[in-house]
Structures are given as structure tokens and as C-alpha cells.
Amino acid sequence: GSFTPSCEHIRGQAEEVEQGPHTPGRGAARGKKRKAATPAPAPALQPVKLSRAELYKPPTNEELNQLKETEDLFHSSLLRLQIEELLKEVTLKETKKKKIDAFLHEINSLLSAIPETPETDITDQTWLPKGVKVPFLQVPFNVKGKFRFLPPDELSVVGSYLLGTCIKPEINVDVAVTMPREIFQDKDNLNQRYHRKRALYLAHIAQHLSKENLFGSVKFAYMNSNHLKPILLLRPQGKDEKLVTVRLHACPAPNFFKPSRFYPSKNNVRTAWFLEQSTPKEGAAEPATPHYNNSILCDTVLLSHLHFLSSVSTDFPGMKDGLALLKVWLNQRQLSKGLGCFSGFLVSMLVAYLVVKRKIVKVMSGYQVLRNVLQFLGEFPGAPLGNGRLVSVESLRALITAVQFEAKCSMEILDDRMVDGFQALLMTSKPMLRTFDHVFHLKHVSKLQSACKKMELLNELMDRGGNYVAAALPFIISLLTRGLARRALLVAHSLPETPEWAIDAEPPKHKDVGSLMFGILFAPEFAASKLEKGPQADRPEATDFRTFWGEKSELRRFQDGTICEAVVWEASTICQKRLIPEQIVRHLLKLHADIPESSICYTGALLESALGTGEEDMVSVVCSYDDLSRKLWNLEGLPLTVTAVQGVHPALRYTDVFPPVPMKPIYSFHKQVKIRHLLLPSEEKPCPAYITPLKIICHMEGSGQWPQDKEAIKRIKAAFHLQLAELLHQQHQLICRPAVTHTDVYKDGYVFRLQVAYHREPLILKEVVTPEGMLKYQDTEESQRLELEILHQPHLTSSLHGLQQQHPAFGSTCRLAKRWISAQLLSDNISEECVDLLVASLFLHPAPFTPPSSPQVGFLRFLNLLATYDWRNSPLIVNLNADLTGKQELAIMLIPDDKDKQWEEPGNPLSTVFRPPLDLYDVLIHLNSNQIPRHLESVDQPVKSFSRGVVKNSSGARILFPVVDYDPVQCYLQDLREAFGDLALFFYDKHGGEVIAVLWKPSSFQPQPFKVSNMKGRTVTTLNSELVCVPNIEAILEDFEVLGEGLVKRVEAHTEKWTV
């Protein structure tokens, strides 16, 4: 149960924040099943009678401070309330503390009663009974020294439980068990002797406690997944098992080891012992073992750290709250668990250090502590924390960059008044899949063994006790960071975690951490560059560059005349360019770490194959459009000039799922209407490919000559459409086909649909004359539709076009999102503009993430937004062009239907993500694929495709105009909805779907009284001796087929779902 917002208490907490004060009896019942006995009703709350003096007495010092702080620090008083609620949720209740204390007392009495054992060699472990295995990987096995078990000298609770900084959901109580001095010999600090004694000591305790009925489970685990430090986990019996985990840490007798033996530069693991050589090499220097030294040192100072922390936290209530907030912050970022994590103990020490250094003072609130720590981490130079306490920062090295990056982002979020900082920082979890632009898994972790050999990491292996995962990871990260230098802002890996295990099982091996996940966060401007330019050939750095890149490096002459080392990556399409980082990762890991390509599972663009090469196609559409708009500006002979040309079609803002490609009709597939130079689709041949008209709004200048009557304006616009067609044909030889409402222009194989607009027309459409003869303005359906067409849609297209220029991944993210919505058969219910705006919100308000730099992560966040956003209670506000400040808000509101429940995060491969669940529907209408014009766009590419009567080239000026916007399936859907819209809902994937799915409306199955007006699609039957009408399903299904003759293959009814 990692700490994610799906946890019961977090969800409850979010609800509480929205609903305000507690409803009686809610907090107690959440998370557990309600108790059977209902408590007596609480007396109704009576208002407190206050005397006049009390009502108007001046505020106390504390109240003044709180008001001042809320004003200075929190953007709103809401943030303060939210934080107080969160702290209430995650802190331990008093009743639970009492139970835990009783449990600890019982453990104490059991431990002192464990019998002694006689002294044996460490390697002679025959005295251990069969039911328990030593929780330690004893490699190499032979080690000097003696061991015997004696009951512990003392037991003391250490860590967050005593300080009151323990937070839910996982309550861990750390108990230090002090091993008596008689167990130890001199030189126990060498060659894992101390660690093995510690493991044997815990094994003996485990074996005895496992017989007791007090415990629900007795298990081993590695402390922070460091396999040198096993600990014993004890959980209570019965229903309290989830209440607490007591972790026993064995530690040495005080003052037995001299701290000076454990300086980071000292060696405590001998090479000859580690490599099992009989005699050490002459004169070879022994390497330093800082991690090993630190692992013993931590055990010696458990108690002194506790005293230090408790002295800092006295008279400092803000520290407790601040630590709880920081732990939630780390949990949500998956940084608080696993090997080399930023544990709660480290955070506590960091806060204490900042108090000692006067960066934090004891009057601060929890929120101020959080801010100061984040600010310190964001500017952290990486120097060790020196306060006379021994805290090793060595294990933080790999994490520092990740923590620093997160802290900087978090500070920006807290300082941004437009963002809900509480939601972004403390309530949103950041799993790697949604945080990083590209992720890849190292499937076979054991491959890191050979990586250690290749990178010559023997010293690191000795220091880490043979743990090749821990030894190799920092080097792999620095290798990739160097290779992706300009392209990546951050390269990070998941923290390896080893699971807990039963006491009679073998301890987990190093490779049992599962697959490791790496994440790359891009700098968008350089991520896709094909060239890696190195130093000049005659420079000394050139050899270093060559060794780093291997045979990929070659000499090249550049335009400025220099000859430099360079690496050029192969990539032709935009999508392949985005995957250059994958080539780099695979190449470097193979070259420097011996990790074969088969062990790397790279997910950067798994889903993009569903989209084809649309990005390049759209660039050529936009070029053609720009050229046409220049020609329109410069047309000669128009009575009024063109003041603006604005695109409306999604392809002109780079978000069209399948943008148009240049097409030219094949005449043999059409009937020709000679008199009017027209083509009609031929009935014998498959339906011609779909040609989409690209809509463009052409604004004409205002003038006193425009009529002020709406019908007259329409006539004038029709005249303009005729004249535009004539002039474009005369001056630019373009083939045009004018109509009353628009003119279609065939150019470069595309069809552009020009629509003339007059800026005052919407206003004229709003005029209404009241019965009293007064003229007033009010919105009418017609005026709103026109405003949308000529004002809002063009504005949206130009804003989103600008967004695409800022964020190159925006267009493809929209296309994936729309392809998915369409594949789930929902594209008729959610408009394209709506999806574009939803995706835009992910780029404009990405907190707590950075804006997506790859379509994949954008798409995953889109699905997450659909699945988790509270659509019923809060509108989603998209602040385009930063037009909205502070309180003004423009909202798009969406209430998705109950399909929400099936929207889950996709796995792989492609088709499962885009394939809708069809078993939910009542009727499926299967279509004939040669009459589906967009058949090639379907998710599962058809094996054979029909020739569609259109060729993809556009040369030749003299051609007949192609058939535009002809999709038989859409015509059929329109007929179905007109005829049966009151009985059923129809769903279809407009991108080549072969099925129309039908859901009956439950209300339509209610028997209606027998009237002539109720008889459409119904049949008469008797119910309780009354005549009623019910839907005549058989006839309706037959009508489905009749209406779609030639298009419908068959109608399949899932009748088991409904009865009439």
C-alpha cells in the first residue's frame, strides 16, 4: 500500500475539504467497516451564548499571528484549512497509540525471556533450528569470529513514533535491541563480521517469537532494501494486524566501536577476503568503503540521534506538522522507500540541521517548515550536512538530483497563485509513467553483474557487500546523463525494493528487486536533434569523445570550416526523431555496460503507430493553406478587400488525427455528369476515399454598403462566394465550386472550403422585436452558431497553433487522445474542440508535473485526467494565452456518461488500448467494409484494402472536382438517429470502424398508454387487461437493415441483456 491518492483516507480527506466540516460519525467510520451497533445520536449543536464583551474582545496574540501568516504565506485561507485537514488525517489517534504501547510492553517481556546459546564459530550455524534461515546473503561464506546469543541489554523505541511524526498509512515503530558487549570481539568491524552476528542474533529472536500467539506475523525485511541490514517485522494478531508494524533493529553495545574506524576514507572490507584469495597482494592499497562504514555507524548512533531530534522538537509544534507534510510530499513522489531513498529519518535530520543552522526557527508553522526545506533542497549544493552528527550523504548522491529537481518544481508551484498548490504537491501522486517523457525497463536485473565487470566496479561491490544493483546504478545514471546531456533535464531510476519474506525462507537475492525502471525528462528544444557535435579533431578531448561514443563517432566537416568529431543518428520522420534518445540509451548501455538490447524494454512511442505519418502531412497542408491565404489577400477585382483569413479545421492547428493527403479522383470509379462537369460515386465500385474539406473563414471589410437585414446579408455572401470562385480561377487557375454557403477550392490535391464572414452579422441575428415594437438584442440559436463558426473556432485554432509552436508534443498528444475517444465509440458525444482543450490544459497547467515532451506521457496524463477529475463538482478551466487573471474564469464543462468506469490506464500492445469493450452494448450493426471510405484508418489495419478510386498525387490542372465530404456511414447514422433517437443511442468509431453499437434507452422500454401518437416503432400488447404500447424490437432491427441496405452486413442482437 504505497501512499497514493487512491488510499481511502486521502480520498476521504479530499471529500472533506470539499464538503467543509465533519458530518457526525464519518471520520470514525471511514476506512473500516462501520460497527454494527449504531452509537446514540449526538445532541444537536446549540449556538454558544456569548456576552457582548466576549463577542467584541480584541484578538489574542496567537490569533493575530495566524491571520498575519495566512495573509503572507498562504494564497488563500483554503490552503491553510486543507493542510490542517490533511494533518488530521495522517496523524495517529490516541486510542491507537494506547494499543500500540500495550503491544510494545508485551514484546519487551518476551525478549528478555529468550534463552542463551553456547558459543560457536560464526560459520557454524548448526545450532539454529530448521524453522529459520539466516536473513543474510553470506557470500563469501568463510569469516572469522565467534558468536553466542545473550538476551538484549536494553530495548528502546527510536524513530518517528516517539517524536510523534509517524504518519499513516503505514505505522512503523522502530525498536533498537542492544546486543550485549560479550557477543563482540575486536575486529568485528571487518569483513561483515558485525553484520553476520547481527543477522544471527535476529534469526534466534525470530525463531522464538514465531511460536508466540501474540503475533499475526513474524517476518524479515531489509532496512531500506539494504541487504547488509536485515530487520525483524512483528505485527499483532487478529483484526489489529494492519494497525502497526514493529521493526526490531539489533545494534551494538554503546561505545564498543571507535567512531574513528568508520571515517568515509577508511577500509573495513579486505580485498583478499572478498575475492577469497589466500594471501593479499603485496603493497596493494585497500579501497575506502564508505557505505559499509556508514551501515555500522548508523547502528551505533540510533539512540543519540533520537535524543538530538527530541531536543530539537521540544517547544516546536511546527516541526511535527512540517515533517508530516514532507513525508507525504516524498511518498507522492515515490522517493521515500527503497534502496538509497530519502527516508523519513533523513528528512527529520535535515529539518533538525536547518534548525541548528538557524534556517528554521521554532516559531514557524508546519507550512513554513515545508517551504524552507524545499527551498534548501532546491538550492542544495551537494555538500555533506555537518553538524557534528554523523549523517552520510553518500547514499543520497543518486537521489540528490531528483530531489533537487522536484523541490525546485514544487517551489515554483507554491509561488504560482494560479495553481492549487495543495492538490498538486500533496494530493497528486507522481508515478514514473506519468512523470517522465520516456521510460524504459531493465528486464533482467542480473545483467548488471556483467555491467560491474565491464565498468570495473570491484571497489563499489566490496563497499556494497556484493550488491551489484546498488553498485552499478549510479554509474549507469551518470553514463546516460552524459550521453543525453543537452537533451535531458533529468535521468532517474526507480528505487529498487526487496519484498519482506518469511523467516523459514531464503533471503532475497540481489536480482529479486523485479525489473528496474528508468525515466528520462526532456528539454524539448534539443531532444530530437540528429547531430551530436564533438570537439575539433586535433584537440585532446577528441579521443575521450571517440571512446565514449565508440564506432558511432566520425569526423565531419561543418559549414564554418571546422573538422570535428560528431555522431549522427538516423531518423527520417518526426516520430523517429523523438526516438533518438532510445538509440542513444541502447547504444551506450551495450557499449559501456554490456547490457544487450533484448534486456531493455523501451517505451517511448508504443502507441504512435496508430497515427501514421500525420505530422509531416499536416506541415504540407499548412504550407498549402498559407499560400492560398496570400492569394486571397492579393485578389484583384473584389468590391471589398479581405481583412483576415483564418483556418478552422483541426489540421491547421496540427491536431487532426488523420490529416488529409493530396488526392486526385480516378474517373472510372465515378459516373460523370457531363453538363455540369461533376463526378458522382459509382454504385458498382467501392465507395471513394473520404476527402475532407478544410474549412477557412474569409473576413470581409466592413462598409456602409452591407445591408442590415439578415436575409440580404446571406445573398451578398452568396454573391461573394461566386465572385471568389471566379477570380481564383481567372487569376490563379484554381478549380473552384461555389455554393450558397461556401466555395470549395481544389488546390495541391486538397479541398479548401472558403466561407465569407461579415463581422456585424452575429449582432444582426440577435435583433428581436418585442410585441411592443421595441428592438432588443438577445442570443438566438442561429447567432450563437454563427459566432462559434466565425469567431470562437478560428480563435481557438490560432491559439492552439501557437501552443503547438511552444510544445512540439501537443499536436500528437491531441491526436492520440482523439483516436482513443473515437476508438471507444465516443467521438459523437465529445467534440474535437473539447478534447483539444482538455489536452491543452495538460500543457498549460501541468502541475505537479512538467509540460509533456512526448505524446505518450501526454496521453497517459489525459486518461488519468478523465479517470480522476471531479467532473460533477468542479468545472475544468483552461487558461489559453493566459487571458484569465485571478478571478475571471472561462470554463468548459463536461459530464461524461457512466462509461467513465471502464477508462483505465492502457497497457501494451497498441490494439488493447484502442479496442473498445463491445459486450456492453445491446445491438451491434456490422458494416460492409468496402463502403467504409476511411477503412484504412481503423485500429487493426485491414489485411486487404480496396482501391478507393482516388490516387495520391495532384499534378494536372484540368481535372473534374472530386466528391467532397462523402461518408455513407455518417449519412446512415444520421438517418438512424432521426428515426430511432428517442429509443436508442448510437455509437461509432468514425476512423474506419466496422461496427455501429446501439444502446437502448431504459425509459423507452416503459410501457406507454395506447395512443396513436405513441405508436412509432411500437406494438400493442395487454398488461393487466389494459392496452399498452411497447417497443417492437424485431421490426426495429429489421428497419436497421432496410435503412442501411448495401452498407449493413448483418445486425447482431445481444438479447440476453434486455426483455421487453
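In what order do the five strands of the open sheet come? Keep in mind that this is a predicted model, then select β16, β20, β23, β22 and β21: that is the order across the sheet, and the pairing is mixed. Go to the edges next, where β16 (642-647) and β21 (735-738) each have a single partner strand, so one side of each has no neighbour in the sheet. From one strand to the next, the twist averages 25 degrees.

Zoom in on β21 and β22 (residues 743-747). These two run antiparallel and are paired over four bridges. Pick Pro 738 and you'll find its bridge partner in β22, Thr 743.

Is Gln 733 buried or exposed? Exposed, because its relative accessibility is 52%, and the cut-off for that word is over 50%.

There's another positive phi to look up: Lys 187, at about 65 degrees, is not a glycine either. Find Lys 187 in the loop between β4 (172-178) and α8 (193-209).

Next stop, the inside. Select Ile 205, Leu 232, Leu 248 and Leu 448: in the largest nonpolar core, which has 102 residues, these touch the most other members. Show what surrounds Leu 448, and its contacts include Tyr 468, Ala 472, Leu 516 and Ile 595. Another core, of 59 residues, lies apart from that one; Leu 86 and Ala 324 are among its members.

Head on to helix α29 (residues 832-844). Its 13 residues reach 18 Å from first C-alpha to last, close to the 18 Å expected. How many of its 13 residues are buried? Eleven, so to speak a mostly covered helix, with Asp 836, Leu 838 and Phe 843 among the buried ones.

From Leu 838, jump 28 residues along the chain to Leu 866; their C-alpha atoms are separated by 9.1 Å. Leu 866 belongs to helix α30 (residues 855-868) and counts as buried at 3% relative accessibility.

Finish in the loop between α29 and α30, where Pro 848 lies. A cis peptide bond joins Ala 847 to Pro 848, with omega about 5 degrees. Val 139 and Pro 140 are also joined by a cis peptide bond, with omega about -10 degrees.

Technical notes
Residues numbered from 1 in each chain as written. Predicted model: local features only at pLDDT ≥ 70, side-chain atom pairs only at ≥ 80, totals over all residues. Heavy atoms only, no water. Core = buried A, V, L, I, M, F, W, Y, C linked by side-chain atoms within 4.5 Å. Buried < 20%, exposed > 50% of the residue type's maximum accessible area, 1.4 Å probe, protein only. Contact = heavy atoms within 4.5 Å. Expected span 1.5 Å × (residues − 1). Pairing = 2+ DSSP bridges. Axes fitted to C-alpha atoms, helices over the stretch in contact; angles between N-to-C directions. Lists of a residue's contacts leave out its neighbours within four places in sequence.
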